[in-house]
Amino acid sequence: MKLIACALTSVLLAGAGIGTPQPFSLSILGPQGPLKHGSLVELTVTLTNRSVGEIVIRDRNRSCDYELEVRESSGQPAPGTSYKRALKCSNKFAVTAGKNSIRNLRPGESYSDSMIVNQLYDLSRPGKYTIQASRAIPQELGGGTVQSNIITLTVTP
């Protein structure tokens with residue numbers, strides 16, 4: 001019976017992400033206060049090394065490196081723009097035209113990127129939107145996904 005309880009506890013803790021710390025964290029910060037329809041919606045995404053050693057992060061295109069989940073107040077996903085639909089993101093790190101950089105982050109070190117949310121999602125309808133960013137953990141760091149905090153934006157007519 002104790003063996004079954006220990007096994008069940010291990011499964012529950014692993015499913016909750018407890019015991020397997022993520023090598024980095026993400027936090028996002030967006031504009032404060034209501035935004036007028038058509039305003040530029042700039043988001044700052046900060047990645048922080050939470051591990052005990054140096055980690056290597058590869059950046060290519062921030063629209064591919066970070067996945068944004070944008071939802072309308074109804075809970076429905078906000079529609080993607082034509083730019084978002086045309087993105088050809090790949091999991092392979094290949095040197096092509098555009099940004100290709102490697103960042104070495106010591107424990108506790110951070111860096112930030114800016115993203116224009118309405119370049120990727122249609123935020124033209126007035127209302128509240130929630131946004132959360134995520135980023136894949138490289139396989140060499142254990143794989144999986146890290147999610148950020150959730151922020152709320154209000155778009156006015």
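Q: This is a predicted model, so what makes Glu109 count as partly exposed?
A: Glu109 has a relative accessible area of 26%. Buried would mean under 20% and exposed over 50%, so at 26% Glu109 lands in between and is called partly exposed.

Q: Why is the contact of Arg106 with Glu109 called a salt bridge?
A: The side chains of Arg106 and Glu109 meet at 3.2 Å, N to O. The cut-off is within 4 Å, so the pair qualifies as a salt bridge.

Q: And why is Arg106 called exposed?
A: Its relative accessibility is 52%.

Q: Which residues do salt bridges with shared partners join into one network?
A: That would be Asp59, Arg103 and Arg135. As for the total, the structure holds 9 salt bridges.

Q: How do you know that Asp113 and Arg62 form a salt bridge?
A: Their side chains come to 3.5 Å, N to O. With the limit set at within 4 Å, 3.5 Å passes, so this pair is a salt bridge too.

Q: What makes that pair a link between distant parts of the chain?
A: Asp113 sits in strand S7 (residues 110-116), while Arg62 belongs to helix H2 (residues 62-65). The two are 51 residues apart.

Q: Why do Lys84 and Glu67 count as a salt bridge?
A: The closest N and O atoms of Lys84 and Glu67 are 3.4 Å apart.

Q: What makes Lys84 and Glu67 partly exposed?
A: Lys84 has a relative accessible area of 22%, and Glu67 is at 39%. Both values lie between 20% and 50%, so each residue is partly exposed.

Q: Strand S5 turns up in a sheet as well, so why is S5 called an edge strand there?
A: The sheet is an open one of 4 strands, in the order S2-S9-S8-S5. S5 and strand S2 (35-36) each pair on one side only, and they are the edge strands.

Q: How do you know that S2 and S9 pair?
A: S2 and strand S9 (residues 145-156) share 2 bridges, in the parallel sense. Pairing needs at least two bridges, so S2 and S9 meet the requirement. As one detail, the bridge partner of Lys36 in S9 is Thr156.

Notes
Residues numbered from 1 in each chain as written. Predicted model: local features only at pLDDT ≥ 70, side-chain atom pairs only at ≥ 80, totals over all residues. Heavy atoms only, no water. Buried < 20%, exposed > 50% of the residue type's maximum accessible area, 1.4 Å probe, protein only.
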